[in-house]
Amino acid sequence: MSGSGDRINYIIICNRSRFFVCGKGVSVKTAELFDLNHTLAAEYLQSFSYPWEALAGLKDFILKLGARLDKEEYSEIAPCVWAHKSAKIAPSAYMGAPCIIGENTEVRHCAFIRGSALVGNNCVVGNSAELKNVILFDNVQVPHYNYVGDSILGYKSHMGAGAITSNVKSDKTLVTVSSGTQKIATGLKKFGAILGDGVEVGCNSVLNPGTVIGKNTNIYPLSCVRGYLPANSIYKTGGITVKKK
């Protein structure tokens, strides 16, 4: 670790021959986190350098997209609530407008979709899971007691039971994305997390406001995560991060 006083320039974490330097080479742009072939929001997301910039206009985007959906494939099951005809939605699930539920997606018992949710194909929104102002790419699973708010979850990402995104700071100030001494201002009061493709979040973990996790990274259960984590890493107990072999 190098730095002066309380100011840390870089944190270097080593494990045998593996090294990760936090504070440089931060990959948080849309194109670096996602394969956009796996969402109906591809064109929308492409218009933003950083994915969290898409959150503010997500409601309007979903309303416009829903109105254009193929009526042979999607049904408007309630005003401004569109579901693919192959989707399975439990009668006890709450479906707030606007939202779109993709092909072969399952919305289970007592799921709570508050609105402004674009849920892709082959997803699972589980028992007592809550979604608000989110994009879920195809094959995302939030299957057990999850809260996902003001967030974007990439292709094949998965949140273990009880894992949540925290989307508002306790002091109510604007959220920043941090890595070492680098900070990126988002201008957002509400911003949960961005999960790149293939991210695995362990049970009962908390992703603090402004968390950005690179592709194919794994988070240990019971973790408290903040800031940027690089792709192809493992976030272990005590906040230790190592690169995957």
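Visitor: Where is Pro98 found?

Guide: Pro98 is found in the loop between β7 (94-95) and β8. Helices (H or I, at least four residues) and strands (E, at least two) are DSSP runs, numbered from the N terminus. This is a predicted model, in which local features need pLDDT of at least 70, side-chain atom pairs count only at pLDDT 80 or more, and totals for chains, interfaces and linings use all residues. Residues are numbered from 1 along each chain as its sequence is written, and side-chain values use heavy atoms, with hydrogens and water left out.

Visitor: And which peptide bond joins Ala97 and Pro98, cis or trans?

Guide: The bond between Ala97 and Pro98 is cis, with omega at about -10 degrees. Most residues other than glycine have a negative phi, and most peptide bonds are trans.

Visitor: Which phi does Cys80 have, positive or negative?

Guide: Cys80 is not a glycine, yet has a positive phi of about 65 degrees. Cys80 sits in the loop between β4 (74-78) and β5. Its relative accessible area is 27%, so Cys80 is partly exposed. Here buried means under 20% relative accessible area, exposed over 50%, and partly exposed in between (1.4 Å probe, protein chains only).

Visitor: What is phi of Asn122 near?

Guide: Phi of Asn122 is near 60 degrees, a positive value in a residue other than glycine. Asn122 lies in the loop between β11 and β12 and is partly exposed, with a relative accessible area of 36%.

Visitor: Changing topic: how many aromatic pairs does the structure hold?

Guide: The structure holds six aromatic pairs. Rings of Phe, Tyr and Trp (its six-membered ring) pair if their centres lie within 6.5 Å; planes under 30 degrees apart count as stacked, over 60 as edge-to-face and the rest as tilted. One of the pairs is Phe34 with Phe137, which is stacked, at 4.8 Å centre to centre and 25 degrees between the planes.

Visitor: Why does that pair tie together parts of the sequence?

Guide: Phe34 lies in the loop between α1 (30-33) and α2 (42-46), and Phe137 in the loop between β13 (130-136) and β14, so the pair ties together parts that are 103 residues apart in sequence. Both Phe34 and Phe137 are buried.

Visitor: What about Tyr44 and Phe61?

Guide: Tyr44 and Phe61 also form a stacked aromatic pair, with 4.3 Å centre to centre and 10 degrees between the planes. Because Tyr44 lies in helix α2 and Phe61 in helix α3 (residues 58-68), the pair ties together parts that are 17 residues apart in sequence. Tyr44 counts as buried at 14% relative accessibility, and Phe61 counts as buried at 14% relative accessibility. Tyr44, Phe48 and Phe61 form one aromatic cluster.

Visitor: Which residues of α3 are buried?

Guide: The buried residues of α3 are Leu58, Phe61, Ile62, Leu65 and Gly66. They cover an arc of only 130 degrees around the axis (taken from the directions from the helix axis to the C-beta atoms), which puts them on the same side of α3. The face turned away from that buried side carries the exposed residues Lys64, Ala67 and Arg68.

Visitor: What covers the buried residues of α3?

Guide: The cover includes α2, β5 (81-84), β8 (99-101), β11 (117-119) and β13. Contact means heavy atoms within 4.5 Å.

Visitor: Now the strands: how does β12 run relative to β9, parallel or antiparallel?

Guide: Strand β9 (residues 106-107) and strand β12 (residues 124-127) run parallel and are joined by two bridges. Two strands pair if DSSP finds at least two bridges between them. The bridge partner of Val107 in β12 is Val125. Strand β12 is also joined to strand β14 (residues 141-144) by three bridges, and these two run parallel. In β14, His144 is the bridge partner of Asn127.

Visitor: Moving to Ala193: buried or exposed?

Guide: At 0% relative accessibility, Ala193 counts as buried. Ala193 lies in strand β20 (residues 193-195). Leaving out residues up to four places away in sequence, Ala193 touches Asp150, Ser151, Ile152, Thr165, Leu207 and Thr211. Ala193 and Ile152 are 41 residues apart in sequence, and 6.7 Å apart in space, C-alpha to C-alpha.

Visitor: Finally, how many helices and strands does the protein have?

Guide: The protein has three helices and 28 strands. Of its 245 residues, 49% count as buried.
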